[in-house]
Each structure stands twice: as C-alpha cells, then as structure tokens.
Amino acid sequence: MKKESIYLDTSVPSAYFDSRAKERQEATIRFWKEILPNYTIYISDLTEEELKSTKDEKCKNDLMNLIRTFKMLRINSEVEELAMEYISVIRWSMPVAAVYFALYGFLAGINETKHLMYATVGTRSEEHTSELH
C-alpha cells in the first residue's frame with residue numbers, strides 16, 4: 001500500500017531544534033519519531049534554501065541532516081504563476097509573509113501531496129496540518 005504524502009514547510013524542521021519553545025520542540029520530536037515514518041515526506045527547494053540560511057553552522061548542519069532523506073519538490077513557473085495570481089486577487093488582505101504560504105500550498109497541491117504541515121509561533125505555539133485532497 002502506498003504511503004500518504006505530507007509536505008513540510010520550513011517551520012516544522014526548524015521547530016525540531018528550537019529550544020525557545022520547549023513544548024513545541026518536544027511535540028515536534030515526538031511527531032518526527034512516531035508519525036513521520038508513516039508518510040512519504042516532501043519539502044521544497046525554498047524550504048531547503050531557508051534552512052541553509054541558518055546562521056549557526058551547527059544548527060544548519062543538524063537541519064540539513066534532519067531533512068536529507070526527504071523528497072524535494074521544485075518551485076517552477078506553474079507554481080509561481082498560481083501563487084502570484086492568487087496573491088494579486090487577495091493582496092489587500094494578505095501579509096507579505098503569506099507569499100511563502102501561497103507558494104508552499106500551490107507547490108504541494110500541484111504535486112498531489114496529501115497534507116501540508118506548518119507550525120506557527122506566537123503566544124501559543126501550534127502545528128497545523130491541512131488536508132489538500
């Protein structure tokens with residue numbers, strides 16, 4: 001039986017090593033050990049670029065090691081066009097950071113990824129999974 005797929009944005013692997021939000025970090029580590037092995041995991045070239053921009057060399061190496069076995073989705077012109085079209089329609093209500101979420105969402109959707117996972121940090125840290133199909 002084919003495993004379902006899940007797309008992880010940058011915030012999920014980052015949470016694995018982020019000790020500032022201990023509860024979120026612990027939940028992410030449990031998720032990594034108990035849930036992720038049941039899925040085919042995807043990240044994008046954008047996710048990889050963002051993780052590679054980590055200034056702390058040890059943390060960057062740890063992040064690269066953490067994602068090394070994941071399948072890579074490439075942002076292409078189709079993804080960019082869909083994201084830009086979507087953004088142009090709703091730009092009045094979309095913060096700048098949401099451009100990345102649009103890219104992630106369309107990339108995952110075009111590649112028929114079953115779930116999109118992202119984490120938010122605020123007064124309460126949460127991880128979210130959206131079912132795409």
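**W32 is buried, with a relative accessible area of 12%.** Here buried means under 20% relative accessible area, exposed means over 50%, and partly exposed lies in between (1.4 Å probe, protein chains only). The model is predicted, so local features need pLDDT of at least 70 and side-chain atom pairs count only at pLDDT 80 or more, while totals for chains, interfaces and linings use all residues. Residues are numbered from 1 along each chain as its sequence is written, and side-chain values use heavy atoms, with hydrogens and water left out.

**Y16, F17, W32 and F70 form one aromatic cluster.** The whole structure holds 3 aromatic pairs (Phe, Tyr and Trp rings, for Trp the six-membered one, with centres within 6.5 Å; planes under 30 degrees apart are stacked, over 60 edge-to-face, the rest tilted). One of them joins Y16 to F17 edge-to-face, at 4.9 Å centre to centre and with 65° between the planes. Y16 is buried, at a relative accessible area of 16%, whereas F17 is partly exposed, at 29%. Y16 also pairs with W32, again edge-to-face, at 5.3 Å centre to centre and 70° between the planes. This pair links distant parts of the chain, as Y16 belongs to helix 1 and W32 to helix 2, 16 residues apart. Helices (H or I, at least four residues) and strands (E, at least two) are DSSP runs, numbered from the N terminus.

**The largest nonpolar core has 15 residues.** Such a core is a set of buried Ala, Val, Leu, Ile, Met, Phe, Trp, Tyr and Cys residues joined through side-chain atoms within 4.5 Å. L8, F31, W32, L36 and F70 have the most contacts inside this core. At least two core residues come from each of strand 1, helix 1 (11-17), helix 2 (22-34), strand 2 and helix 4 (57-67). Helix 4 gives the most, with 4 residues. In soluble globular proteins, nonpolar side chains tend to be buried together.

**Strand 2 pairs with strand 1 and with strand 3.** Pairing requires at least two bridges found by DSSP between the strands. Strand 2 (residues 40-44) is mostly covered, since 4 of its 5 residues are buried.

T47 is buried, with a relative accessible area of 0%.

**The chain has 6 helices and 5 strands.** Along the sequence they follow the pattern β-α-α-β-α-α-β-α-α-β-β. Of the 133 residues, 37% are buried. Among contacts (heavy atoms within 4.5 Å) between residues at least 6 apart in sequence, 65% join residues at least 24 apart.
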